Amino acid sequence: MPVDLLLTTFPDRAEFKRALTALETLDAEYELLDPSSALSLVAAPALVMTREVRGRLEAAAPTVVFSGWIDYRASLVEMPNDPVPQEPSPDDCFRHAAVMFLGPCVADETKIRLIAHIEGDLGPVLPYLNAVIPQASYTPAAETLTYMDGYRMIALYRHRITIAKADDILDAWRTLEEIRQLAMQTWSDRNSISASFESRRKPPAFEIFKRLPRTNCGLCGEPTCLAFAVKVWAGEIPVSLCFPVFQEGGIFQRLREPLLEICAGMGIMKTSINPRK
């Protein structure tokens, strides 16, 4: 297959099967990345294809739901061969995950970003995870826990998870499964853990800066984007003062969702002031 390849995945296996049927009807070339049984609770298969095949597939199957598209890079790690996870019960806090959004990470385009919706409820588990994860940042009012896993930034909400700076789709799947296992084990051990509602260390302001346009336009009233990021991180000004990001139809509007996402993960909720016209 050519070097310039794209990867996509799906919210569930039903959408994957619809896409696969369409590809086989088109007699198009593709590569299948099927998660191992160890990842079966958090991953649906992924497909790799050329841009030309993507265009044909989307034209032939316009109703198929894709999670998103990213440049394909071969994974540097192997597919895990761990035992099949125990089938979850209806009362488990984290039963399954579905990748609803997949795209390049705006802070580092060599990495990927995803949003996964979960079947379950992490809300009651978050204070216990706050107690066991070093240097986590917990915001009780927003029911959000943010922490760094190496260079990956992870935000846990009641019913969804965001991961930024994952190496590739396999790295993202493995990270989701590790989060699932950690949440399940922490909840199982909750009687021996003192829940922590303390909001500790926030990730650095540089994480906000990396999701800004970095044009130093000054429309926010600050001399540089880094100065703006520091004040947003400190809670002194609302992130919505970044006019290029919050201008409807602007070229930087694509940064809005990841910017709001990182701020929400830090418990920075000031977004009510309208940007300058």
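Let's start with Asp-171, which has its place in helix α4. Keep in mind as you look around that this is a predicted model. Asp-171 has a relative accessibility of 9%, and because anything under 20% goes down as buried, that is how Asp-171 counts. Setting aside residues up to four places away in sequence, Asp-171 touches Arg-152 and Ala-166.

Stay in helix α4 and find Thr-175. With a relative accessible area of 3%, Thr-175 is buried. Once its neighbours within four places in sequence are left out, Thr-175 is in contact with Asp-149, Arg-152, Ile-154 and Ile-163. So Arg-152 turns up on both contact lists, that of Asp-171 and that of Thr-175, given that contact means heavy atoms within 4.5 Å.

Now for a residue in a loop. Arg-73 lies between β4 (68-71) and β5 (94-105), in the loop that joins them. If you go along the chain to Thr-63, ten residues from Arg-73, the two C-alpha atoms are separated by 27 Å.

Next, a pair of helices. Helix α1 (residues 13-26) packs with helix α2 (residues 51-60) at an angle of about 110°, and their axes are 10 Å apart. Angles of 65 to 115 degrees count as roughly perpendicular, so that is the word for α1 relative to α2. The crossing of α1 past α2 is right-handed. Which residues make the contact? From α1 you have Ala-19, Ala-22, Leu-23 and Leu-26, and from α2 come Val-53, Arg-56, Leu-57 and Ala-60.

On to the rings. A pair of aromatic rings is described by how far apart the centres are and by the angle of the planes. With centres within 6.5 Å as the rule for a pair, the count here is six aromatic pairs. One of them is Phe-66 with Trp-69: 5.2 Å centre to centre, with 45° between the planes, which makes the pair tilted. Both Phe-66 and Trp-69 are buried. These two also belong to one aromatic cluster, together with Phe-10 and Phe-16.

Another pair is Tyr-138 with Phe-197. Are the two partners buried or exposed? Tyr-138 is buried, with a relative accessible area of 3%, whereas Phe-197, at 53% relative accessibility, counts as exposed.

Finally, look for arginines over rings. The charged end of Arg-160 sits over the ring of Tyr-157, 3.8 Å from the ring centre. Arg-214 lies over the face of Phe-209, and here the distance to the ring centre is 5.8 Å.

Definitions and conventions
Residues are numbered from 1 along each chain as its sequence is written. This is a predicted model: local features need pLDDT of at least 70, side-chain atom pairs count only at pLDDT 80 or more; totals for chains, interfaces and linings use all residues. Side-chain values use heavy atoms; hydrogens and water are left out. Rings of Phe, Tyr and Trp (its six-membered ring) pair if their centres lie within 6.5 Å; planes under 30 degrees apart count as stacked, over 60 as edge-to-face and the rest as tilted. Buried means under 20% relative accessible area, exposed over 50%, partly exposed in between (1.4 Å probe, protein chains only). A charge sits over a ring if NZ of Lys or CZ of Arg is within 6 Å of the ring centre and within 35 degrees of the ring normal. Axes are lines fitted to C-alpha atoms, for helices over the stretch in contact, and angles run from 0 to 180 degrees between N-to-C directions. Helices (H or I, at least four residues) and strands (E, at least two) are DSSP runs, numbered from the N terminus. Angles under 35 degrees count as roughly parallel, over 145 as roughly antiparallel, 65 to 115 as roughly perpendicular and the rest as oblique. A crossing is left-handed if the near helix is turned anticlockwise from the far one by less than a right angle, and right-handed if clockwise.
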